Amino acid sequence: MTDQRITSVISDFGGVLTTPLMSSFAAVQDDTGIPMDELGRAMARIAERERVHPLFELEKGRIREPDFLAKLGAELEAALGHRPEMHQFAEIYFQALHPNEEMIGLMRELKEAGLRMAMLTNNVREWEPRWRSMLPVDELFELVVDSAFVGMRKPEPEIYELTLERLGGPSPQECLFVDDVEPNVDAARALGLHTVHFASNDQAIPEIRRIGGLDGGPADPPGP
Ligand SMILES: [Mg+2]
């Protein structure tokens, strides 16, 4: 499938190196009583009114988490009939999020095979200590590009270009990008990167191993 050797792997964080995000949103729903669809509708109403999506603004580090939650809480109040407790959102969310050990093991194997490893995440500035404590980030990845610190987010082409630049400028054809969100995968593919759309370990791990050259594919892992 690939005729050029993959030299670099760029992985998403949430939903790829962790358990599925839906279970975290479900935990928030159970613990706060805020239905997931109400959350989505509240954000859509804010986005329509303010012409910018509040989650995108949060992920680009343009608004702080407490301001985001206050805005969302105020918007939800109308729909729910009371002002919901929003301040524990991150705590509940992260309590239900766990490392995906199989994928983390695969990342370690790819690194040991000599591949350059980067993480590209749409994230929240205030959540950095929480997600960093879930996996050995600095052991696995020489580069982390976090939307909240660079002011852009997937699927904007510029954030992929920045990642490649910070990796020392590999060609897109030398890179494998892994993400669980389809528009993020589509944007990477449009730039010429190899992609795996993560749906499950059973589906994604063999694809990543093959494209990354771990199973005798085009990469050329050094001997032991
Ligand atoms: Mg994700």
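Visitor: What percentage of the 224 residues in the chain do buried residues make up?
Guide: Welcome! Buried residues account for 37% of the 224 residues in the chain. A residue counts as buried if 20 or more other C-beta atoms lie within 10 Å of its own, as exposed if 12 or fewer do, and as partly exposed in between, with C-beta atoms placed from the backbone. Please keep in mind that this is a predicted model, in which local features need pLDDT of at least 70, side-chain atom pairs count only at pLDDT 80 or more, and totals for chains, interfaces and linings use all residues. Residues are numbered from 1 along each chain as its sequence is written.

Visitor: What makes A148 buried or exposed?
Guide: A148 has 20 C-beta neighbours inside 10 Å, and the cut-off is 20 or more, so A148 counts as buried. This residue lies in helix α9, where helices are DSSP runs of H or I with at least four residues, strands are runs of E with at least two, and both are numbered from the N terminus.

Visitor: And why is E139 called buried or exposed?
Guide: E139 has 12 other C-beta atoms within 10 Å; the limit for exposed is 12 or fewer, so E139 is exposed. E139 belongs to helix α8 (residues 137-140), and its C-alpha atom is 8.4 Å from that of R108, 31 residues away along the chain.

Visitor: Which class does P35 fall into, and why?
Guide: P35 has 13 C-beta neighbours inside 10 Å. P35 is found in the loop between α1 (21-32) and α2.

Visitor: Which peptide bond is cis?
Guide: The bond joining K154 and P155 is cis, with omega at about 10°. P155 lies in the loop between α9 and α10.

Visitor: How do you know that the buried residues of α10 line one face?
Guide: I159, Y160, T163 and L164 are the residues to look at, being buried in α10. Seen down the helix axis, the buried residues fall within an arc of 140°, so they line one face; the arc is that of the directions from the helix axis to the C-beta atoms. On the other side of α10, E158 and E165 are exposed. The cover over the buried residues includes β1, β2, β3, α9, β4 and α11. Just after this helix, G168 takes a positive phi of about 95°.

Visitor: What makes a set of residues a nonpolar core?
Guide: The members must be buried Ala, Val, Leu, Ile, Met, Phe, Trp, Tyr or Cys residues joined through C-beta atoms within 7 Å. The largest such core here has 37 residues, and A118, L176, F177, V178, V196 and I208 have the most contacts inside it. Elements that each supply at least two residues include β2 (116-121), β4 (175-179) and α12 (201-212). A second, separate core of 16 residues includes I34, L39, L97 and V124.

Visitor: Which residues is L176 in contact with, leaving aside neighbours within four places in sequence?
Guide: They are I6, V9, H194, V196, I208, I211 and G212. Two residues are in contact if their C-beta atoms, placed from the backbone, lie within 7 Å.

Visitor: How is the chain divided into domains?
Guide: The domain assignment gives domain 1 (8-19 + 98-212) and domain 2 (22-95); such bounds come from an automatic or database assignment. Their contact takes 14 residues from domain 1 and nine from domain 2. Helix α9 (residues 147-150) gives the most to the domain 1 side, with three residues.

Visitor: How do you know that the radius of gyration of the chain agrees with a compact globule?
Guide: For 224 residues, a compact globule would have a radius of gyration near 17 Å; the chain has 19 Å, which agrees. The radius is taken over C-alpha atoms, and the globule rule is 2.2 Å times the number of residues to the power 0.38. Along its principal axes, the C-alpha trace spans about 60 × 30 × 25 Å.
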